[in-house]
Amino acid sequence: MVHLVLLAAICFLSYIMKIPYFKLPLDRDYGAHGYVAHCWLRGTGLMYRDIYESKTPGLKLIYMIIIRFLGISRKSFRQFFAYYNVLTTIAVYLLGTVLMNPSAGLIAALLFALYSSVPSLWWHFSNMESYYTLPMVLSILFYVLGSDGQTFHAFLYLFLSGFFSSITFMFKQPSLINTTAPILICILIASPHSFIIDGSLYSAGYLIPIAAFFIYFMIIKKTPWAKMPFSKENLKLLSGYLKTPLSKANKVMTEHTRRRFRTIFSDLLFLISVAVSGVLFLFSANSPYTLLIGAWIGLSFISAILSRTYLAYHFIPTVAPMCAAGGVLIFASVSHLTTTGFSSVGVSECGSTGAILVLFLFSMYQLIKDLLMPTELIGSFYSGEDKVYAICEEVGKYIKRTTKETDFVYSWGHQPDIYLWSERRAPVYCIFPPITNPIIFCKEHIAEELKQLNINKPV
């Protein structure tokens, strides 16, 4: 009962720490995903078939729920995430509990409540990584529950692990590296005697969302394969984007990105320290979960680095596994101290404990300082574009007041948030205009865009 009360308090803390973000303007990712969700909800356009999209549709489904029940506003999107993140906090608690015990789970949940509020990393809460952390943690949790038995429940857990891994993939493709790969590694290496059964059950769960995706978009909605995110044409576009690091595509962003990463590193230094130490502790304790947690943390960092855009929110998937490992380490350290007493603690143990404590206090200082910053500065300090987003909101609302629902509006640039706020349709297939993205799109795409503009004629 005490653990449940403490978990409820941690969940409440997780929510209230998101409140300073509620009034921030919605960024362009909210605009892009929200516009696609709005068109899908209203039946005025379907992603892939009618609107270009390179990612899987999970976040659009979330945004459809927000728009349908809460409407389009700054608070509706951000408050929904605050509640959603409470579910992720509970999932992290359950994972820590299974890895060690409820006390370790509480520590992991507390760490996640704190570190899911870091402005430098989570920023606007608009990105897929913010949302797919929940199914990612559930996938790992169910694998842990099902990895050490041959009972019906163990088989069901492995099936659910595959299902939630696929749900994670339905948010964003890099989950193949940071979610699917760690589990497959463990199935192949840690369970050599049962990898066929475990792999089959995991794969069966994984195929369900994948099958639903293709049946809906290709069979029911008759989307041409060339427009699907896995087609040769779209993979070529994605490859062109990834081959051009952000530092080359936008020279001005280079120094800005370096400043942000310095801030991120100082914010997460404590979490990185306890996570690495936690994996080492699991290894020394001969834990069967050492490989899983270590691979999960390592591959989460690798998937962020492989994006080559080096955007801060790509590192969000590293937070949950580091919190789980950190919860295990902190509980084990406190338990050791209370059992043996401080008199038996050596110099090295005192030094490492003191260093970790200093890092924790420094991280909390950084976090509290950022959250006490005036609301209008939280976003602008880290993105520098919040004034632009606020202006786009004004423009979009003005367009909504002065145009008809059937009118087309064209945003010549990278501000699809105008489409969301105006609730008006774009006249072109791609809401990030090819004509302003010559690094990614070819001349044929630009010609197609001009053709669509001539046909639909935006007001």
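Which helix gives the most to the nonpolar patch?

1. This is a predicted model, in which local features need pLDDT of at least 70 and side-chain atom pairs count only at pLDDT 80 or more, while totals for chains, interfaces and linings use all residues. Residues are numbered from 1 along each chain as its sequence is written, and side-chain values use heavy atoms, with hydrogens and water left out.

2. The helix that gives the most to the nonpolar patch is α9, with 3 residues; helices here are DSSP runs (H or I, at least four residues), numbered from the N terminus. Both α9 (175-189) and α10 (195-220) supply at least two residues each. I189, in helix α9, is exposed at a relative accessible area of 56%, where exposed means over 50%, buried under 20% and partly exposed in between (1.4 Å probe, protein chains only).

3. Helix α18, residues 386-402, has 17 residues and reaches 24 Å from its first C-alpha to its last, close to the 24 Å expected at 1.5 Å a residue, the expected span being 1.5 Å times one less than the number of residues. D386, Y389, C392, E393, G396 and I399 are buried in α18. Seen down the axis of α18, the buried residues fall within an arc of 135°, so they line one face of the helix; the arc is that of the directions from the helix axis to the C-beta atoms. On the other side of α18, K387, E394 and R401 are exposed.

4. Most residues other than glycine have a negative phi. E423, in the loop between α19 (417-422) and α20 (443-456), has a positive phi near 55°.
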